[in-house]
Every structure is written in C-alpha cells, then in structure tokens.
Amino acid sequence: MAGDPKATAYALEQISASLDEKLAAAGQHPPLDPEAEKKLLRKTDLHVIPILSFLFLLAFLDRTNIGNARIQGLEKDLKMKGNDYNIALFIFFVPYILFEVPSNIIIKRVAPSTWLSSIMILWGIATMGQGLVQNFRGLVAMRFLVGLFEAGFFPGCVYLISMYYKRYELQKRFTFFFSASILAGAIGGLLAYGIANMDGVSGYKAWRWIFIIEGLMTVVVGIISKFFIVDWPETAKFLTDEERVLLLARLASDQGEATMNRLDRRAVKRVFSDWKVYCSVVMYIGVVNSGYATSFFIPTILTELGYKAEKAQVRSIPIFIVATICALVTAFITDRLRHRYSFTIIGISVATVGYGLLLGQKAAHFSVGIKYFATFLIVSGTYITQPVTIAWISNCMSGHYKRSISSAMQIGFGNTGGLIASNIFLAQEKPLYKTGYGTTLGLLWMCAAACTVLFLGAKWENKKRDNGDRDYRLQEEDADNLGDDHPHFRYAT
C-alpha cells in the first residue's frame with residue numbers, strides 16, 4: 001500500500017468510514033496506544049509548526065515593516081503629508097479582509113503547500129516593490145497588493161494547524177506559531193537597525209533597503225517552502241500509512257460525530273447563522289486593533305518618547321521578546337487547565353494598565369522610563385489575549401468546512417480592527433495620541449465583553465446538551481453533517 005497513493009487514499013477513506021460507523025454504533029472510540037500517540041505528536045510538531053511559524057514571521061515582517069521604514073525617512077522622501085501614512089496602512093486591510101474567506105475555501109480544494117507558497121512569493125514581490133516606488137500613490141498600490149496576496153496566509157495556517165491536533169493540544173502549538181508575529185516586532189527592529197547602515201548604498205535610502213531586503217527574503221523562502229509545508233493529514237507525505245490511520249483515529253475520538261464534510265445548503269446555513277462566529281469577530285476586532293497599533297506605531301512612539309531612530313529600533317526588541325514569553329507561558333497554562341476565558345481577561349487587564357499610564361502621562365508628568373514600561377504592559381497584555389481568542393473559537397467549532405470558514409471570518413472580518421488602528425494615531429496629536437490610546441483601550445474592553453458573552457453562552461449551551469435538549473438534531477436529515485451543532489459536542493470555555 002505504501003507504494004500506491006490511490007490505494008492508500010482509498011484505504012484511509014475506508015478506515016475513516018469504519019471509525020465513523022463504530023462511533024455511531026457504540027458511542028465511543030477504541031483505545032489508542034499512548035506511546036504511539038506521543039511519538040506521532042513529536043513528529044507532527046516537528047513537521048507542521050516550525051516551518052509555518054518561520055513563514056508567518058516573514059509575513060508579519062512584510063506587513064509591519066512600514067513602521068520601521070517610516071522613522072528612516074519614508075514620509076520625507078515620498079513627500080507624504082498629513083494622514084498619508086494612515087492611508088498607506090489602511091489600504092492594506094481592504095483586500096486583506098475581503099479575500100480571507102474565499103482563500104480558505106480555495107485552500108480546502110488545493111494542496112496547502114502549493115497555495116501558501118504561491119501567495120507568499122507574490123506578496124514578497126509586492127513588498128520589494130514598496131522599496132522601489134517613487135511617490136505616495138505607488139506606495140498605496142504596493143500596500144494593496146501585499147494585503148491581497150497575504151490575505152489567505154494566516155487563516156490558512158490556522159485552519160491547517162487545527163486539522164492536526166486535538167482541541168486541548170491546540171493552544172500551545174498555535175501560540176508558538178503566533179509568537180512568530182510577536183517576534184517579528186523584535187526582529188524587524190533589529191533588521192532595521194542593521195539596514196540603517198546601508199543608507200545610500202546603490203543610491204537607495206535605508207528605508208528602501210528595508211522593503212527590498214525583507215521582500216527578497218520572502219520570495220526566496222517562498223520558493224523553497226513548497227517542499228516543506230505540510231498538506232492535509234490524509235495526504236501528508238511525512239506520515240507513514242500507519243501514522244495517518246492513528247492521526248485520523250485520535251482526531252475522530254476528539255470530535256466524535258461532530259463532522260461537517262459537505263458544504264451543502266443546510267451546512268452553509270449552520271455556518272453563517274452561528275452566533276459564535278460573529279462573537280469571535282467582535283472579540284478579534286477588539287484585540288487585533290491593539291496588536292496592529294503596537295506593531296505599526298511602537299517605533300514611532302519610542303521616537304516620540306525621545307529616542308533617536310536607530311535607538312528606537314533597538315529598544316523595540318525587548319518589548320516584543322517579553323510579550324512572546326508571556327504568550328507562550330499563557331498557552332501552556334490554558335491548555336493544561338482546559339480553560340480560555342480568564343486568560344483573555346487577564347491579558348486585557350494588563351494592557352489596560354499600560355494604556356492608562358500613557359493616557360495619563362501629561363497630567364502625571366511620567367518619566368520616559370515609566371512610559372517605556374507602559375509599552376511592555378500594552379504589548380504583553382495584547383499578545384496574552386489575541387492568540388487565545390483564535391484558538392478558543394477553533395475549539396468551539398467542529399468539521400472541516402466549519403473550521404475553515406469560521407477561522408477565515410474571525411480573522412478576515414476581525415481585521416477591521418486593523419483598519420481602525422491605521423486611522424486613530426493622528427499626526428496632529430503626537431506625542432500624546434489620546435485618540436489612538438483611548439480608542440484602543442475601549443476596543444479592548446469590547447473584546448472583553450464579547451469574550452464574556454462567548455463564555456456564558458458556551459456554558460449555557462453545554463448545559464442544554466447535558467440535559468438532552470439538543471438530541472432532536474439527531475433526527476434531522478443532515479444528522480451526519482452537523483459539525484459542532486451535534487448534541488454530543490461540547491464547547492470550550
């Protein structure tokens with residue numbers, strides 16, 4: 001069977017069907033070998049997470065390096081004025097929001113290794129283009145293309161990762177992946193500091209080299225990544241036939257009968273009428289606004305605190321390193337406790353203290369040291385909460401199509417928060433940025449409210465299912481395609 005892909009695929013389909021039949025008949029799954037599972041998990045971790053994390057780091061560098069380029073002379077050379085910088089940030093999110101859901105539908109039908117590597121090469125080329133433009137309109141056009149081609153990457157990776165792990169194995173793996181975007185803030189500052197010494201090389205200013213070098217890195221890595229990105233578990237080449245069977249069996253034991261492998265009319269209705277999807281969008285808008293605000297404006301904020309451009313680049317590094325550590329520690333604890341809600345509130349509370357310090361800096365006459373400390377609280381608190389919101393909603397979804405569309409909707413429409421972040425740090429308000437800090441703080445607590453709604457709603461729904469109040473769904477015509485509407489499925493809290 002190992003030498004015949006068609007035979008392997010057929011056999012896996014039969015095994016999967018057999019597992020579903022056994023589950024339906026007996027209501028349980030056969031015991032799995034714990035040692036074999038541990039070995040499989042180690043192998044999966046090695047092949048799935050590191051490569052996607054590295055690629056996401058490059059994606060986030062290309063998305064946010066405009067913040068580093070700004071303090072190296074971008075605005076002056078392109079004769080930007082007023083809120084032109086905010087417009088350049090804003091335009092990225094228009095295609096980014098619109099094309100995330102279509103992309104996640106495409107990736108269901110195309111090998112992830114092909115799709116993700118292809119769009120990576122394209123946005124790398126567009127990133128390089130930002131370093132070659134001669135005016136503001138050219139910059140806006142390139143930012144639009146970067147947003148268009150990047151749109152499918154993050155939700156595609158979230159979807160792909162979620163298909164390899166049980167629900168309470170997911171948070172620490174996902175946070176490790178997500179931490180690449182946090183570290184991008186530190187690495188971006190370090191790269192910008194080094195590239196600043198290239199000012200004038202070949203007649204190009206330092207800010208141009210930031211885009212050109214980082215974009216070229218993305219193109220080269222994108223070409224190579226085709227051979228390292230994993231595909232779906234059913235066809236993953238790094239697994240043996242026996243390992244595929246074990247992986248499918250352990251995933252089936254986790255989701256039970258809560259599958260959604262057909263995107264028919266009733267499935268579409270279940271997806272788009274699910275209150276949890278829209279709750280997750282509000283959650284993500286609230287917290288991602290702060291995430292983008294820190295990535296886009298930390299270098300600028302540090303210069304406003306009195307640091308020169310190069311020193312501001314360097315001083316951004318420890319902020320993002322501390323945030324990465326906080327996010328990873330949170331991930332291990334929340335998976336171990338099998339609880340999500342409290343950690344979202346903890347992160348928001350930490351960030352609130354930071355924003356409060358910056359909002360009160362003028363009245364309290366805070367020193368530069370205290371304001372610098374506030375940025376640590378803001379970034380760490382934001383990144384404690386943000387990855388938890390993404391893994392949490394994935395924990396509350398079941399079925400191939402349900403996870404695909406829900407993750408794309410959360411991240412896609414949730415990135416409206418990026419649109420907001422692009423337009424609230426107004427040049428005329430520097431260095432106090434009251435609109436920016438105040439709006440971001442308010443949105444964080446909007447996220448907290450949505451998290452509370454999801455927590456209470458999930459507990460209420462789980463109680464209903466415990467009491468058998470949802471068993472009637474087993475008699476419906478799509479009982480084999482209910483996804484997380486299945487009465488045996490329990491939502492994470």
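Reader: Which residues are linked in a network of salt bridges?
Author: In this predicted model, Arg266, Arg270, Glu476, Glu477, Asp478 and Asp485 are linked in such a network. A salt bridge here is a side-chain nitrogen of Lys or Arg within 4 Å of a carboxyl oxygen of Asp or Glu.

Reader: What conventions apply to numbering and confidence?
Author: Residues are numbered from 1 along each chain as its sequence is written, and side-chain values use heavy atoms, with hydrogens and water left out. As the model is predicted, local features need pLDDT of at least 70 and side-chain atom pairs count only at pLDDT 80 or more, while totals for chains, interfaces and linings use all residues.

Reader: Back to the network, then. Where do Asp485 and Arg270 lie?
Author: Their side chains meet in a salt bridge of 2.9 Å, N to O. Asp485 lies in the segment after helix 20 and Arg270 in helix 12, so the pair ties together parts that are 215 residues apart in sequence. Helices are DSSP runs (H or I, at least four residues), numbered from the N terminus. Both Asp485 and Arg270 are buried; buried means under 20% relative accessible area, exposed over 50%, and partly exposed in between (1.4 Å probe, protein chains only).

Reader: And what of Asp478 and Arg266?
Author: Asp478 and Arg266 form a salt bridge at 3.3 Å, N to O. Asp478 is in the segment after helix 20, whereas Arg266 is in helix 12 (residues 265-272), so this pair joins parts 212 residues apart in sequence. Asp478 is buried at 2% relative accessible area, while Arg266 is partly exposed at 25%.

Reader: How many salt bridges does the count come to?
Author: The count comes to 27 salt bridges. One of them joins Asp77 to Lys205, with the closest N and O atoms 3.5 Å apart. Asp77 is in helix 3 (residues 74-77) and Lys205 in the loop between helix 9 and helix 10, so the pair ties together parts 128 residues apart in sequence. Asp77 is partly exposed at 26% relative accessibility, as is Lys205 at 38%.

Reader: Changing topic: how many aromatic pairs are there?
Author: There are 28 aromatic pairs. Rings of Phe, Tyr and Trp (its six-membered ring) pair if their centres lie within 6.5 Å; planes under 30 degrees apart count as stacked, over 60 as edge-to-face and the rest as tilted.

Reader: Why is the pair of Phe174 and Phe178 called tilted?
Author: Their ring centres are 6.0 Å apart and their planes stand at 35 degrees, so the pair is tilted. Phe174 and Phe178 are 4 residues apart in helix 9 (residues 170-195), and therefore about one helical turn separates them. Both are buried. Phe425 and Tyr433 form another tilted pair, 5.6 Å centre to centre with 55 degrees between the planes, and both of these residues are buried.

Reader: Which aromatic residues form one cluster?
Author: Phe56, Phe60, Phe92, Phe93, Tyr96, Phe154, Phe174, Phe177, Phe178, Tyr292 and Tyr383 form one aromatic cluster. Phe154 is also among the buried residues of helix 8. In helix 8 (residues 153-162), 10 of the 10 residues are buried, so the helix is largely enclosed by the rest of the structure.

Reader: What does Asn86 touch beyond its sequence neighbours?
Author: Leaving aside neighbours within four places in sequence, Asn86 is in contact (heavy atoms within 4.5 Å) with Phe297, Ser422, Asn423, Ile424 and Phe425. Asn86 lies in helix 4 (residues 84-98) and is buried, at 3% relative accessibility.

Reader: Is Glu214 buried or exposed?
Author: Glu214 is buried, at 2% relative accessibility, and lies in helix 10 (residues 206-225). Not counting residues up to four places away in sequence, Glu214 touches Leu61, Asp62, Asn65, Leu191, Ile195 and Trp209.

Reader: Last topic: how confident is the prediction, as pLDDT?
Author: pLDDT is the predictor's confidence in each residue, from 0 to 100. The chain has a mean of 86, and 92% of its residues reach 70 or more. Over residues 1-29 the pLDDT is below 50, and this stretch has 25 contacts in the model beyond near neighbours in sequence. Where pLDDT is low, the predicted coordinates should not be read in detail.

Conventions. Helix = DSSP H or I, 4+ residues; strand = E, 2+ residues; numbered from the N terminus.
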